[in-house]
Amino acid sequence: MEQFISRPTTASPAPHIGDLFKSYPVQQVDASAIPRWLKRGWDDIQANPAASLFYGAVFAIVGIILSMFSAANPAFAVAFTSGFFLVGPFLALGLYVLSWQRDQGKTIDFSASLIAIRHNALGLGLYALTLSFLMVLWVPASAMVIALFFNNIGSISDMTGYAAFWDGLMHMNNSFLFGLSFMGVGFLFALVAFVTGVVTVPTLLERKADLMTAIATSLRVCTTNPKTMFLWALTITVIVGLGLATFNLGLIIAMPLVAHASWHAYRDLIAKDASIR
């Protein structure tokens with residue numbers, strides 16, 4: 001009967017927090033590097049105009065299609081459009097590969113950029129799911145804020161899409177409160193997306209890291225370079241925002257420029273010979 005008597009066991013110690021979130025060593029980079037990143041990004045476009053602008057055209061076409069499908073609902077039109085800021089890092093995967101190839105001095109292989117996910121299918125796939133989940137939360141949240149302030153938009157105008165949105169904005173009495181609410185909600189989502197994704201895709205792509213390591217590295221980049229990353233996020237917002245403001249046509253240039261520049265930002269922020277720790 002002794003074998004059936006339970007005996008107390010010693011609980012295993014909890015893992016140290018340092019063993020849970022590994023990351024690559026991050027370098028401090030001054031904000032003066034941002035113009036250099038943009039210059040190098042523009043150089044990448046000039047070196048590969050057909051490939052880069054192809055991806056830019058895809059962004060523009062997808063943006064136009066989303067605008068058309070959500071034209072009847074101004075809230076969803078704005079929500080889907082602003083969602084570009086959240087899912088952009090993953091959608092720019094092919095553009096990262098083009099910069100990576102040029103960075104290595106290799107001949108540009110456009111077909112390889114089309115199947116870039118093969119470099120780290122698991123990590124990149126999980127990151128895509130993460131951004132999709134964030135997008136699923138963002139669309140109804142932003143639409144709800146808009147609906148709360150534009151509940152009588154149909155009585156104001158017979159317009160649809162962005163036209164109805166701007167027409168309603170011009171006629172509302174509490175536009176300032178709406179602006180604060182919408183930007184407040186958007187800021188929270190954008191903050192999560194940016195600090196967890198500023199170098200995530202390049203790290204997953206080149207170093208074939210796991211998702212948690214890549215995200216932890218992005219978090220460390222932001223905490224090590226708060227001023228530079230704030231200005232870089234603002235720069236991205238302005239460039240992509242201008243692309244969206246031109247009825248998505250500006251995305252043909254804006255998205256390749258931001259994506260290529262982001263690769264060079266990654267290069268400055270994490271040393272080539274850095275090892276995981």
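Me: What makes helix α2 stand out in the nonpolar patch?
Reply: Helix α2 (residues 49–69) gives the largest share of that patch, 4 residues. This is a predicted model, in which local features need pLDDT of at least 70 and side-chain atom pairs pLDDT 80 or more, while totals for chains, interfaces and linings use all residues. Residues are numbered from 1 along each chain as its sequence is written, and side-chain values use heavy atoms, leaving out hydrogens and water. A helix here is a DSSP run of H or I with at least four residues, numbered from the N terminus.

Me: Which residues make the nonpolar surface patch?
Reply: F54, V58, V62, L66, L114 and I115 make it, and it covers about 480 Å².

Me: Why is L66 called partly exposed?
Reply: Good one to check! Buried means under 20% relative accessible area, exposed over 50%, and partly exposed in between (1.4 Å probe, protein chains only). L66, in helix α2, has 31%, so L66 is partly exposed.

Me: And why does A116 count as buried?
Reply: A116 has a relative accessibility of 2%, and the cut-off is under 20%, so A116 is buried. You will find A116 in the loop between α6 (110–114) and α7 (121–149).

Me: What does A116 touch, not counting residues up to four places away in sequence?
Reply: A116 touches L93, V97, L124 and L205, where contact means heavy atoms within 4.5 Å.

Key. Patch = residues over 30% accessible without salt bridge, like charges linked within 9 Å, V, L, I, M, F, W, Y side chains within 5 Å. Areas by Shrake-Rupley, 256 points an atom, 1.4 Å probe, with all protein chains shown as cover. Salt bridge = Lys/Arg side-chain N within 4 Å of Asp/Glu carboxyl O. Helix = DSSP H or I, 4+ residues; strand = E, 2+ residues; numbered from the N terminus.
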